[in-house]
Amino acid sequence: MKKRASISLILILVLTMALAACSGGSGLGTGTPEPADPKAEAPSNDNKGQTDAPPAQEVVTADPNNFVPALATDTQGEVTVWAAWPLESWIGMFNSQYPNVKVNLVVMDEIEGKLKTALAAGSGAPDIAFLDGGLMGNYNTVDGFEDLLLPPYNAGIYEDFFPPSVWQRFKSLDGQKLISIATDTAPAVTFYRVDILEENGFPTDPAELGEYIANADNFINMAKTLQAQGKYLIQWDTEPLSIYTFGIGFFNRKLEWQRNTPQFADGLDLSKRFKQEKLASNIDFWSDEGTQALASGKTAMTFLGNWGVDEIRNKAPDTEGKWRATHLPFGAYGGWGGASLGITTQSKNKPLAWEFIRLILLNNVFANKENIQYGGTPAFLPAYDLLESVETPNVFLGGQKTGKMYMEMIQKIPESISTPLDVKAQEIWDKGIQEALEKNIDSKTALQNIQDEVERVLGPDIAALKQQLGIQ
């Protein structure tokens, strides 16, 4: 946000350049003759019905609290969006500015498979695709998406409006291209039963508890006290390690292994302490038994993305008012969810596709405002300026207002890079960590064993990917 004051002038220039580029057929599939002076060009009705060359509209501001259409509002056309869930409100928002544009929203459970097939085939892809943040390894080494850093998009001018790790997350693996713009980002959160902690004399205020459980010994002490009553803070022995190292991926952008460090050794040692004390419930949150444990109070604490409050509400509605949200234990920060919108290179309507993304994601007027109103966590940081005026207390969390805390959390999420090798790496990692816990293998030795196995199994794939990306 630090450059917000000066960005309006920059955007005026850049959007003017963008419109000029659109009109000049510079990659957005346009064929309209370029006006001599796009800023001075009045919207023209002559272009009605042309989906590939909407007339330019003078752009007078880029204030995050305003939206100025970059295209003539009587533009006609069609744009197709593949999404993971219904986004009808987004269509209404877009059509409030562009009533003559038809937005085809295609909702599907598993976009990834169909999108990868369409990108590989060179046809059949939508104009805009909804990309899951956790699956960017499927897309960040392949061609198929517009580079939003290049003209006419010039999205780099928005970078300071986003948390650094979130912006980096949606770049190509080599960090050179911006594949998509983040819609939201979900901070990893601790949800806890305030009544149970109060009965046992532990801090119940979210800020005080967050500070208390930042200390591992305090957290273990709390876990021991509740375990003696048949109540639990963690599900699995591996959970402390996962939290302690939250948000750190398997590889960096140079495809170097990231999980053989003192931090991971300390986290594995912590998990061993929990295993030795038998402090894990071994109850899956997502199982029927997990639902019963939430309702009965056997699960007194759980760790999810901030969206988890809805999951707990659905599973244990009678516990309304007894839960609160705070920071992760051990002073950790991480993301647990989030998505983005990207424009495929196959799109025939790129000006409209970019205008859709600009309207939905890059101002406080439309979707970001709605997201804040409903307790969401948009990635666009200026949206949090709306908290005071539109945020409502969360009844399920006892009236807690979480917006400010979540805003602080998402700005501390470490950068995590997805790669196409992550699925195989995850399998090796899980097996090695489980073996280290069961056999009580020295933590540093266990981490080295895992790295050796990764290099043995994935070495050829790593070498091939380095060659493809030109990584030395």
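Visitor: Which conventions apply to the numbering and to the values?

Guide: Residues are numbered from 1 along each chain as its sequence is written. Because the model is predicted, local features need pLDDT of at least 70 and side-chain atom pairs count only at pLDDT 80 or more, while totals for chains, interfaces and linings use all residues, and side-chain values use heavy atoms, with hydrogens and water left out.

Visitor: Is strand 8 buried or exposed?

Guide: Buried means under 20% relative accessible area, exposed over 50%, and partly exposed in between, with a 1.4 Å probe and protein chains only; strands (E, at least two residues) and helices (H or I, at least four) are DSSP runs numbered from the N terminus. Here 5 of the 5 residues of strand 8 (residues 339-343) are buried, so the strand is largely enclosed by the rest of the structure. Ala 339, Leu 341 and Ile 343 point one way, whereas Ser 340 and Gly 342 point the other way.

Visitor: Which strands pair with strand 8?

Guide: Two strands pair if DSSP finds at least two bridges between them. Strand 3 (residues 128-132) pairs with strand 8 in the antiparallel sense over 5 bridges, with Gly 342 as the bridge partner of Ala 129. Strand 4 (residues 181-184) is also antiparallel to strand 8, over 3 bridges, and there Leu 341 is the bridge partner of Ile 181.

Visitor: Where does Asn 306 lie, and what does Asn 306 touch?

Guide: Asn 306 lies in the loop between strand 6 (301-305) and helix 11 and counts as buried at 8% relative accessibility. With contact meaning heavy atoms within 4.5 Å, and not counting residues up to four places away in sequence, Asn 306 touches residues including Thr 185, Phe 191 and Tyr 406.
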